[in-house]
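Subject: Structure for your files

Hello,

Please find the structure below, followed by notes on what was found in it.

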Amino acid sequence: MAARPAPYLDDLNPAQRQAVEALDGPVLMLAGAGTGKTKALTARIVHLMSQGRARPNEILAVTFTNKAAREMKTRIGRMLGETVEGMPWLGTFHSICVKLLRRHAELAGLKSNFTILDSDDQVRLMKQLIAAADIDDKRWPARMLAGIIDNWKNRAWTPENVPAAEAGAFDRRGVALYQQYQTRLKELNAVDFGDLLLHVVTIFQKHEDVLAQYQRWFKFVLVDEYQDTNVAQYLWLRLLAGGHRNICCVGDDDQSIYGWRGAEVGNILRFEKDFPGATVVRLEQNYRSTAHILAAASGVIEANKGRLGKTLYTQGADGEKVRLIGHWDGEEEARWIGEEIEAMQRGTRGLDAMSLDDMAILVRASHQMRAFEDRFLTIGLPYRVIGGPRFYERMEVRDAMAYFRLAVSLDDDLAFERIVNTPKRGLGDKAVQTIQKAARSNGLGLVDGARLCVSSGLIKGKGGKELALLVQGLDRWHAQVRDEADTHVELAEMILDESGYTGMWQADKTPEAPGRLENLKELVKALENFDNLQGFLEHVALIMDNETEESEAKVSIMTLHAAKGLEFPAVFLPGWEDGLFPSQRSMDESGLKGLEEERRLAYVGITRAERLCTISFAANRRVYGQWQSALPSRFIDELPETHVDVLTPPGLYGGGYGAAGMAAASPVLQGMAGSDLHQKAADANVYNSPGWRRLQSRSQQRGMAQPREQRNVTIDLEAVSAFAEGDRVFHKKFGYGAVQGIEGDKLDIAFDKAGSKKVVARFVVAAAQ
Ligand code: ATP
Ligand code: MG
């Protein structure tokens, strides 16, 4: 191919050009967010091709996600002015390794048509091995073993070379089970995700000829997001680039956010040692974000100790300051963001009208998505969830919904099949077949089939007992739905408890378990917006049917992790509260490692925004119908004040109360004047919200001390939820009544209409006398 004019070089700055044009030998581009690393990497690929240095299929280019790979292909095509075909080796580590492994499967003891297990299959297989080894899977759950083995694979440890220091893992049986697991996978002609890399690395290490063949074939190796590679990926790259050393890695140590999954930021820091004589290019000009946004992000990341430190500047406009707003609770936050998005769409926020495609909501934890999904469905705002299932498609949510469906209708066979052995009741495939047979031959539904199997002794032993309990439970819950004996929220909680489903996840020690429990809490919380279970189930059925046209513009909702490398004109960052972001786990940990990773995540979040960045927090999140007060995130304190605007949305909260007005009105709020940002936000918003005002008037009515605040923002709600005899209360289902007695968390209440009842305290609110 002849050299030709290179328009794609024209819109690069000199440092980027250097990284693009230094074709031979190792190159490292280590630079902050939005400085054009990905852009330069893409231009480099184009340059290699147009200079005739490599054919498209001789270039190995690794991106972090499939989406990023697709985007890069499109951009290359645009730069070349033609469609690129034949870049088979541009993709994620996993997608590239699948191809390599199919070609050399026999060297790993597999056939080339091997299957790739998902994490559920993986766990199922481990359960079998654990049972066969006679290990108590309550104490030593399969998911824990899965986590350990994944971790070892990320470090490129085969069963033979797991270091001795790990011998204690999984009750000292971890390594042996790992060995058995690998053997079993081979028998099944299957691999898991971790194997894709590990097998290829092992093949390269054992078969020099194969390695040499690829070292010759891939003339150039390029890697984006290098800061998040794990050891196995790192070894793989070193092996492949070991001959010619034509490797170009780009990354940002400040954006290393996958430490929890085995990524080693050290890989990028030692690049120059691994590849002596490397050309190191630093980029400092940010092209993505306005000055205020960039300064806010830089202010936050500066608090991290373990970093190289970089300067970033922009020649762009100052733009809007980062906006900060506090809300009373998570629902209010979702409502406000929905309205903001609609306003921005109309162009009424001082900016031109924006397409929904230009806006994104980036959350720390996936359970935060539920409030947004529900709100957007209610107001008909199109959205997409990127990088994961939508809330109601998650496994634990579907399991729980199956229980609710059965409580509403005992005829729901699909729901029954789903939960009959979840949690484990010793009812395997055989038992389920027996139930199905009994049901079919008697013209019954599965629940009645199960009833028959129990009464006729067709299913005996532990399974039989458990099945009897399940059927009894279903009958009881069904009767409760029919008789409306409890509120549907209480009932839902009860079902999840009594069925053992919540307990199953509580006992689960894997990293995903807390997230699943959070999702269950979210689910119960969602129920509060409906009158009964039936209405809720209909709502969800409609949601699931709400697939919109692909071409329609939509707001994107995703986790901060999934947002890496992406950019949007407007970004919302909700839930900046201690315990949520930074996560509780990172705060509980000794040392700063976890917290610093969370801070990098904050930096990634802010730097996704081009023109408008809105951070929000809620003073309260409702969990199981119970208020939990939250402190604003410590990262909010770290935002440089001069680059932040604290918002007071007039109208939304009824208006009329300014911060000063509130402070004057309340003795508690006086003397609270501080300089902290969260303080100001709280003054301006939280204390001006209907929730706060309700709380205030409630406690005033009852002659109680004003609710106290911790760090001036959190409100101690216990003080007001503690009832006294004689208090008037209101219960969603039973109406008004008076407290007659108190027993632990239960109240004896004489309801005006419903008579005397015992109810859980958190399900009633104080009413006026
Ligand atoms: P991240 O660290 O977030 O992955 P990055 O360093 O990879 O960011 P890019 O995504 O490549 O940055 O670029 C950020 C934005 O800046 C893109 O919109 C890109 O088109 C633009 N950009 C990059 N370099 C230049 C340049 N030299 N001139 C104009 N725009 C540029
Ligand atoms: Mg990038």
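**Domains and overall make-up**

The chain is divided into domain 1 (7-101 + 199-281), domain 2 (115-188), domain 3 (293-315 + 361-371 + 548-715), domain 4 (392-541) and domain 5 (722-766); these bounds come from an automatic or database domain assignment. This is a predicted model, in which local features need pLDDT of at least 70 and side-chain atom pairs count only at pLDDT 80 or more, while totals for chains, interfaces and linings use all residues. Residues are numbered from 1 along each chain as its sequence is written, and chains are lettered from A and ligands numbered from 1 in the order in which they are written.

The chain has 32 helices and 23 strands (DSSP runs, H or I of at least four residues for helices and E of at least two for strands, numbered from the N terminus). Of its 769 residues, 45% are buried. A residue is buried if 20 or more other C-beta atoms lie within 10 Å of its own, exposed if 12 or fewer, and partly exposed in between, with C-beta atoms placed from the backbone. Among contacts in the chain with a separation of 6 or more, 73% are between residues 24 or more positions apart (contact: C-beta atoms, placed from the backbone, within 7 Å).

The centres of domain 1 and domain 2, taken over C-alpha atoms, are 32 Å apart. In this pair, 8 residues of domain 1 are in contact with 6 residues of domain 2. On the domain 1 side, helix H9 (193-206) and helix H11 (231-241) each supply at least two residues, and H11 gives the largest share, 3 residues. That side has 4 nonpolar, 3 polar and 1 charged residues (Ala, Val, Leu, Ile, Met, Phe, Trp, Tyr, Cys and Pro count as nonpolar, Asp, Glu, Lys and Arg as charged, and the others, Gly among them, as polar).

**Ligand 1 and the annotated site**

There are 18 residues around ligand 1, of which Gly-36, Lys-37, Thr-38, Lys-39 and Tyr-287 come nearest (a residue is near a molecule if its C-beta atom, placed from the backbone, lies within 6 Å of it). By class the shell holds 3 nonpolar, 9 polar and 6 charged residues. Helix H3 (residues 37-50) provides its largest share, 3 residues. Domain 1 and domain 3 each contribute at least three residues to the shell.

The unreviewed UniProt entry places a "binding site" feature at Ala-31, Gly-32, Ala-33, Gly-34, Thr-35, Gly-36, Lys-37 and Thr-38; such annotations may be inferred rather than shown by experiment, and the positions follow the numbering used here, with feature names shortened.

Ala-33 sits in the loop between strand E1 (27-30) and H3, and Gly-34 lies in that loop between E1 and H3 too. Ala-33 is buried because it has 25 C-beta neighbours inside 10 Å. Gly-34 is also buried, with 25 other C-beta atoms within 10 Å. Leaving out residues up to four places away in sequence, Ala-33 touches Asp-252, Gln-255, Asn-286 and Thr-607. With its neighbours within four places left aside, Gly-34 is in contact with Asn-286, Tyr-287, Arg-288, Ser-289 and Thr-607.

**Strand E12**

Strand E12 (residues 555-559) has 5 of its 5 residues buried, so it is largely enclosed by the rest of the structure. Val-555, Ile-557 and Thr-559 point one way, and Ser-556 and Met-558 the other. E12 pairs in the parallel sense with strand E10 (residues 359-363) over 4 bridges, where Ile-361 stands opposite Ile-557. It also pairs in the parallel sense with strand E11 (residues 383-385) over 3 bridges, with Tyr-383 opposite Val-555. Pairing requires at least two DSSP bridges between the strands.

Regards

Conventions:
Contact = placed C-beta atoms within 7 Å.
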